[in-house]
Amino acid sequence: MAEKVKDKTFRIHLMVCAGTGCVSNHSFEIKEALEKEVKKHGMEDEVLVVSTGCNGFCERGPLLVVQPGNIFYQQLTVKDIPHLVEEHFLKGRPVSRLMYTPPREKRPIPVLNDIDFFKKQVLIALRNRGLIDPEKIEESIARDGYKAMAKALTEMTPAQIIKEVTLSGLRGRGGAGFPTGLKWEMVRGAKSTNGGGKFVICNGDEGDPGAFMDRSILEADPHAVIEGMVIGAKAVGGTEGVLYVRNEYPLAVKRLMVALDQARRLGLLGENILGSGFSFDIKVHRGAGAFVCGEETALIASIEGRLGEPRPRPPYPAQSGLHGQPTLINNVETWANVPVIVDRGAKWYSSIGTETSKGTKVFSVVGKINNTGLVEVPMGITLREIIYGIGGGIPGGKQFKAVQTGGPSGGCIPKEMIDLPIDYESLTKAGSMMGSGGMVIMDEDTCMVDIARYFLSFTQEESCGKCTPCREGTKIMLDILTRITEGRGTAQDLTLLEDMANAVKDSALCGLGKTAPNPVLTTLRYFRDEYETHIRDKKCPAHVCRQLNTYTIDPQACLEAGRGCDVCRRNCSSEAIRGEKNTVHSITQEKCIKCGVCFDVCQFHAVKVK
Amino acid sequence: MPKLTLEELAKIREQARKTTMLREGGEYRAKVTVHMGTCGIAAGARGVMNALLEEMDKRDVRDVLVANSGCAGLCSREPMATVELTGQAPVKYVDLNTDKMRKIFEQHVLGGKIVQEYALGIGSEKTDFTKE
């Protein structure tokens with residue numbers, strides 16, 4: 001039941017971001033400091049401190065939003081808190097020093113909604129982010145949590161629910177983009193055997209490096225996912241729910257446990273929910289963090305206690321999934337969309353997005369970008385709007401070069417295609433994919449061959465080894481790429497690489513193998529000249545592949561600017577640098593191991609790289 | 001019997017909304033600003049603020065925005081408060097104490113009638129010259 005403290009009138013709510021990003025930046029300490037200072041001024045009955053899920057603007061954490069008024073404070077430290085509390089919350093003078101000032105501008109923007117990063121977002125899956133305490137079910141209920149579930153359980157038939165989801169145009173947010181309504185229809189039509197019931201699974205095995213969409217949804221609004229799953233269960237006749245989440249997400253796991261417990265205690269899960277006669281419960285299964293377990297058949301194997309390996313499909317999980325029974329499996333973000341569709345209707349939902357891709361998509365925008373963070377945007381938005389509008393452009397005045405979408409098995413889209421509208425089809429056509437929503441921005445200092453090598457080293461390591469194309473093919477591709485980046489590439493390598501990539505793509509058993517070649521194929525398609533320069537000239541245009549670099553010292557800069565400071569010589573581990581203090585230094589190429597330390601330590605830009 | 005009925009769920013929603021409403025940026029009946037500069041606090045503005053919040057609690061009023069601001073400039077007449085009914089000109093009150101605040105809340109904020117004897121004047125200083 002609602003706690004007593006909730007009935008009090010507070011004049012200010014301090015919404016402290018407690019997503020994983022801000023927490024690692026000490027936001028819990030900030031929260032404690034706020035509570036302490038508020039108490040010191042005797043305002044504990046006036047000012048309420050709330051910890052929320054991820055706000056999204058992770059770049060600027062730790063974050064605090066002051067309500068009412070939506071005043072946005074960022075990059076707080078514990079030291080700032082006494083001043084902030086006294087000035088703003090006691091005396092009513094907002095502290096502009098702690099507000100957000102966009103790069104290249106001078107005036108801070110006090111109100112959250114006026115900041116470009118937030119202004120251009122449309123929140124459906126993240127509708128409650130920053131507005132509720134995810135560990136208090138009442139706050140979720142206050143924002144219409146479980147309202148759609150109540151409607152689905154007491155007013156709608158399974159056929160009506162599925163029809164609504166189908167008409168909404170919702171497609172799987174885990175990556176493949178399969179129409180959700182169609183999947184539900186298949187599970188509804190499938191018969192369970194020996195009275196084994198049907199299973200409803202939430203796939204929260206988010207494994208892409210640099211991606212944190214699912215984690216943030218689970219941390220900010222676990223009830224949205226739970227509610228979606230109950231609605232899905234009612235639609236397909238599900239009898240048991242499993243929420244599969246990685247154990248590396250301790251905060252998400254904790255908040256899920258709290259949420260499930262509160263829902264159960266209130267009676268929103270369990271027997272005869274809301275008097276509808278429908279009973280359903282969900283248990284949490286913690287995965288050990290294997291990338292391949294995001295694949296549905298491998299995930300099911302993992303829940304059954306077997307090795308996390310995929311199996312050939314068909315039969316699809318819809319016919320024979322967990323314990324051989326019909327199983328409905330959707331991704332975290334897909335589930336979080338369901339309650340809104342049931343509540344507001346398919347017509348409203350399908351009015352957002354493009355012809356073939358409806359609604360919104362959550363992306364984690366990372367890499368060489370000013371505003372690193374989590375964003376939710378309508379389908380059809382262009383890459384330019386995300387990178388330059390929401391993302392605030394590339395730091396340090398550098399040039400944008402490419403964007404990798406869809407995680408390690410997505411592809412690299414070059415800068416020429418920056419006006420590409422984002423939907424499932426356009427990304428696939430460009431050789432990439434939607435994936436679960438990772439977006440890695442790269443600038444001119446990125447070497448595309450090295451990027452392909454990096455992503456392939458990830459998928460190669462995560463390959464389960466069950467099928468030959470993926471096990472051997474990714475290894476061979478990685479060897480070729482490593483060779484090229486070390487200056488040992490040959491003219492035949494590109495043909496072999498391309499053939500191998502296509503072979504793996506066509507013949508691998510599961511999605512991991514089928515998509516692992518994507519970074520190779522897209523970089524070959526859009527940045528072939530970079531590969532050729534590596535092989536023919538033994539040079540890396542971005543100077544990332546250090547084996548291909550030649551380091552020299554500009555004698556004039558060394559003597560005039562640096563006065564022969566000698567720092568490079570002292571840091572050189574292979575004694576390749578000659579010279580002494582106040583004299584010109586030089587590098588003996590035969591001894592140089594190309595580690596790049598001299599380049600990094602020279603403050604006078606005297607060390608040149610070619 | 002279900003553990004929770006539809007009606008009970010609706011009731012929890014109603015109750016919880018009273019708290020979360022402050023975060024929604026919705027419609028307010030009025031905005032009351034208590035001036036909390038050093039002069040205001042020394043003259044007892046904290047007590048005035050508490051009285052206001054207490055009244056709101058007691059009468060279960062949630063659609064009034066309570067704000068604070070710095071010194072209003074008229075330090076000799078503190079504690080001061082400004083009451084602004086939505087769509088109407090702001091009214092400044094001076095020389096307040098807790099009883100006066102309670103009376104203003106009842107008659108002006110809820111009743112819509114300005115408490116003439118405590119009021120300094122109607123209107124506010126100019127702050128935005130672009131609107132002229």
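In the predicted model, five strands of chain A form an open sheet in the order β10-β9-β13-β11-β12, with mixed pairing; strands are DSSP runs of E of at least two residues and helices are runs of H or I of at least four, both numbered from the N terminus, and two strands are taken to pair if DSSP finds at least two bridges between them. Because β10 and β12 of chain A stand at the edges with a single partner strand each, one side of each is left without a neighbour in the sheet. From one strand to the next the twist averages 30 degrees, where axes are lines fitted to C-alpha atoms and angles run from 0 to 180 degrees between N-to-C directions. Residues are numbered from 1 along each chain as its sequence is written, and chains are lettered from A and ligands numbered from 1 in the order in which they are written.

Within this sheet, β9(A) is joined to β10(A) by six bridges, the two strands running antiparallel, and a hairpin of five residues connects them. In this pairing A:Phe363 stands opposite A:Val375 of β10(A). The pairing of β9(A) with β13(A), by contrast, is parallel and rests on four bridges, with A:Val366 standing opposite A:Val440 of β13(A). β9(A) is mostly covered, seven of its eight residues being buried; a residue is termed buried if 20 or more other C-beta atoms, placed from the backbone, lie within 10 Å of its own, exposed if 12 or fewer do, and partly exposed in between.

Helix α15(A), residues 383–390, has the buried residues A:Leu383, A:Ile386, A:Ile387 and A:Ile390. These residues lie on the same side of α15(A), because they cover an arc of only 120 degrees around the axis, the arc being that of the directions from the helix axis to the C-beta atoms. An α-helix has 3.6 residues a turn, so residues three or four places apart point the same way. The buried residues of α15(A) pack against α4 (116–119) and against the strands β9 (360–367), β10 (373–378), β11 (400–405), β12 (411–414) and β13 (438–443) of chain A. Just after α15(A), A:Gly392 adopts a positive phi of about 75 degrees.

Helix α13(A), residues 332–344, is largely enclosed by the rest of the structure, because eleven of its 13 residues are buried. Among these buried residues are A:Glu333, A:Trp335, A:Asn337 and A:Pro339. A:Gly345, which follows α13(A), has a positive phi near 95 degrees.

The largest nonpolar core comprises 210 residues, and those with the most contacts inside it are A:Leu14, A:Val16, A:Val225 and B:Leu52; such a core is a set of buried Ala, Val, Leu, Ile, Met, Phe, Trp, Tyr and Cys residues joined through C-beta atoms within 7 Å. Helix α10(A), residues 222–236, gives the most to this core, with nine residues. Apart from this core lies another of twelve residues, including A:Ile553, A:Cys558, A:Ile587 and A:Cys602. When neighbours within four places in sequence are left aside, the contacts of A:Val16 include A:Ile30, A:Leu34, A:Val49, A:Val50 and A:Leu64, two residues being in contact if their C-beta atoms, placed from the backbone, lie within 7 Å.

Chain B has four helices and five strands, which run α-β-α-α-β-β-β-α-β from the N terminus on. The C-alpha atoms of chain B fill a box of roughly 65 × 35 × 30 Å along the principal axes, and buried residues make up 34% of its 132 residues. Of the contacts in chain B with a separation of 6 or more, 67% are accounted for by residues 24 or more positions apart. B:Glu27, in the loop between α1 and β1 (30–35) of chain B, counts as exposed because it has 7 C-beta neighbours inside 10 Å.

At the interface, 27 residues of chain B are in contact with 32 residues of chain A. On the side of chain B that touches chain A, the elements giving two or more residues are α1 (6–20), α3 (45–59) and β2 (64–69) of chain B, and the largest share, nine residues, comes from α1(B). The residues of this side divide into 13 nonpolar, nine polar and five charged, where Ala, Val, Leu, Ile, Met, Phe, Trp, Tyr, Cys and Pro count as nonpolar, Asp, Glu, Lys and Arg as charged, and the others, Gly among them, as polar.

Methods:
Predicted model: local features only at pLDDT ≥ 70, side-chain atom pairs only at ≥ 80, totals over all residues.
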